[in-house]
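Let us read a protein model together, one feature at a time.

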Amino acid sequence: MKKYLPIILMVWPYLFALFFMLPDRLGENIYIALLPAYLILTILVYILNILNAFHYRGNEAALKLAFNDMIIKLIHIPFYLCIFVIGALSIMVMVVPAFLFISPMIVMVLFLVDCFLMLTSSMYGISAAIKSSKEGVISKKSALSHIIFHCIFVTDVISAVILYRKIKSSINSSQTAN
């Protein structure tokens, strides 16, 4: 199961978009009916991924966690860009009186969705930083900086790539030394 959870997290936000692209052939508003199920499953997927990130064991666990973190972050970039565009458009339409009260709520919901998704996917990087610090692959100061950067938008992606490269080069250099 530990191999499949990061893959599920990679595609999970895109399932929400796919959810709205489904044809409503029943004549009922199927989206309203499926939204609570999607939200409950989202909470479950997020919790399982957080637990998976911190209970991940095995050979080169830090490298695998850092790799999962980096791939998840890179695959989520288009989703974050779409959310940003929708939020920006929501702010721009506030000149229309009807959107004056709706737009701030839309922006707040989108922000919360982004925050929860970023923090959930960051758990793989945070766990990798902790494990690699305990193994002596990176310093405690470097691990702390990666943990902090994983909690900030945009820097989380940069930190994920740098952390993976650091762990991979350290493992490669130790294997060539032996």
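**The core and a helix pair**

A: The largest nonpolar core has 34 residues, and those with the most contacts inside it are Leu9, Tyr124, Leu163 and Ile167. This is a predicted model, in which local features need pLDDT of at least 70 and side-chain atom pairs count only at pLDDT 80 or more, while totals for chains, interfaces and linings use all residues. Residues are numbered from 1 along each chain as its sequence is written, and side-chain values use heavy atoms, with hydrogens and water left out.

Q: What is a nonpolar core?

A: In soluble globular proteins, nonpolar side chains tend to be buried together. A nonpolar core is a set of buried Ala, Val, Leu, Ile, Met, Phe, Trp, Tyr and Cys residues joined through side-chain atoms within 4.5 Å, where buried means under 20% relative accessible area, exposed over 50%, and partly exposed in between (1.4 Å probe, protein chains only).

Q: Which residues does Ile167 touch?

A: Contact means heavy atoms within 4.5 Å. Leaving aside residues up to four places away in sequence, Ile167 touches Ala62, Leu63, Ala66, Ala128, Ser132 and Val137.

Q: Where is Glu60 found, and what is its phi?

A: Most residues other than glycine have a negative phi. Glu60, although not a glycine, has a positive phi of about 55 degrees, and this residue is found in the loop between H2 and H3, helices being DSSP runs (H or I, at least four residues) numbered from the N terminus. Glu60 is partly exposed, with a relative accessible area of 31%.

Q: Is Val154 buried or exposed?

A: Val154 counts as exposed, at 58% relative accessibility; Val154 lies in the loop between H5 and H6 and has a positive phi of about 75 degrees.

Methods
Helices (H or I, at least four residues) and strands (E, at least two) are DSSP runs, numbered from the N terminus.
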